[in-house]
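I opened my notebook to go through one chain, step by step. Here is what I looked up.

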Amino acid sequence: MDDTQPRAFGFSGNWRDYAPIAFTNLLLTIVTLGIYRFWAITRTRHYLWSHTRFIDAPLEWTGKAKELLIGFILVAIMFGVPFLCLQFGVQALVIQGHDGMAALLSLAAAATILYLTGLARYRALRYRLSRTWWHGIRGGSDDSGWSYGWSYIWRTFVGALPIYLATPWAMMSLWNLRWNKLSFGSEEFTANGKAGPIFARFLLFYLLPILLVILAIAFAGTFGGMFGGMIVISNFPMPLRILAYLVIVLGVYALLGIIALAYYSAFLREAIGHMTLGRLHFQFDANLDDWVTLTLGDIALVIGTLGIGSVFLNYRHWKFFITHLDATGEVYVDEFTQSTTREPKQGEGLLDALDIGAF
């Protein structure tokens, strides 16, 4: 790609301009005991969308806070109350000695939650596309997502069946299935990413714990400790051993995080890189170094400000995504007609209630 050519996507926001919105959202959310969060989300999206350019025009967010609020209330009534009753029912069955029936109900509840998780992910994406406008044109889908929920269950199960080795296939196939149901304007999205190119990075993350067990045995033999019921004695001073254990633990978490980021970066490059919209072809060029820089910046921001800086995380993540997103091909605005898909009336209540939303 020619770096001298302007990218299809651009972001013109500034954290100083966003700061009044972020701190006002935080203050009002605290004062209203969380009720204002739906208006906070809407204000944030208005800012981020309006400062995001695609080719020659900015995006526009047309969603309303009351849509998010109504969606959350409906989900709380329709699903929250039955699950609460189910929980008490399971406890009552256990007390009465009906352990088998309680186990079946618990299994059914877990399957239902998994189904609703898939449904929530799809419907949230559909809602966001329906409220995203460009040149007066929006996205959406007429698919309600009920079948996607079932696909989410069985693909997740199949992905986990061979001791989770098919997880990359499950993730990629669900990504493709989700986007292939969606459209923007008169054009439909197509997604056909493959799991093969990203499997090696997943395997590295998968095998790392086995390698760490081997290293733990060697470490115990050097510094002393207990492993497998055997006590290993070491002459190293206790403070040095404690320090070494802390370094090892922190190092393990850091290494796992880096390998997870390596896999996720490869996943997004493969998934987005095999997406099209009409004659547009998308690319996402963030590599591992970019993700590590973003993550370390997030950690430093949150810790350095004692948590207050977390109000800027949504801004940072959106800017990161748009900065590394690009598209090539042709789009003719005159031929790009308005979407005829139904517009959902409520927001992301299910996604929010299950606590799996983005922002």
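**Entry 1: the whole chain**

I started with contacts (heavy atoms within 4.5 Å). Among those in the chain between residues at least 6 apart in sequence, 72% join residues at least 24 apart. I noted that this is a predicted model: local features need pLDDT of at least 70, side-chain atom pairs count only at pLDDT 80 or more, and totals for chains, interfaces and linings use all residues. Residues are numbered from 1 along each chain as its sequence is written, and side-chain values use heavy atoms, with hydrogens and water left out.

I looked up the elements next. The chain has 11 helices and 13 strands. These are DSSP runs numbered from the N terminus: helices are H or I with at least four residues, strands are E with at least two.

Then I checked burial. Of the 359 residues in the chain, 38% are buried. Buried means under 20% relative accessible area, exposed means over 50%, and partly exposed is in between (1.4 Å probe, protein chains only).

**Entry 2: a three-stranded sheet**

I traced an open sheet with the order β1-β2-β3 and antiparallel pairing. β1 (9-11) and β3 are at the edges with a single partner strand each, so one side of each has no neighbour in the sheet. Strands count as paired if DSSP finds at least two bridges between them. β1 and β2 are joined by three bridges. In one of the pairs I looked up, Gly 10 has Arg 53 in β2 as its bridge partner.

What lies across β1 and β2? I found helix α10 (residues 313-324), which runs at about 150° to β1. The angle is between N-to-C directions on a scale from 0 to 180 degrees; axes are lines fitted to C-alpha atoms, for helices over the stretch in contact.

**Entry 3: two positive phi values**

Most residues other than glycine have a negative phi. I looked for exceptions. Ile 55 has a positive phi of about 60°. Ile 55 sits in the loop between β2 (52-54) and β3 (57-58). Is Ile 55 buried or partly exposed? Ile 55 counts as partly exposed, because its relative accessibility is 37%.

His 135 also went on my list, with a positive phi of about 55°. I placed His 135 in the loop between β5 (132-134) and β6 (137-140). His 135 counts as partly exposed at 38% relative accessibility.

**Entry 4: a helix residue**

Last, I looked up Leu 74. Leu 74 is in helix α3 (residues 65-95). Its relative accessible area is 34%, so Leu 74 is partly exposed.
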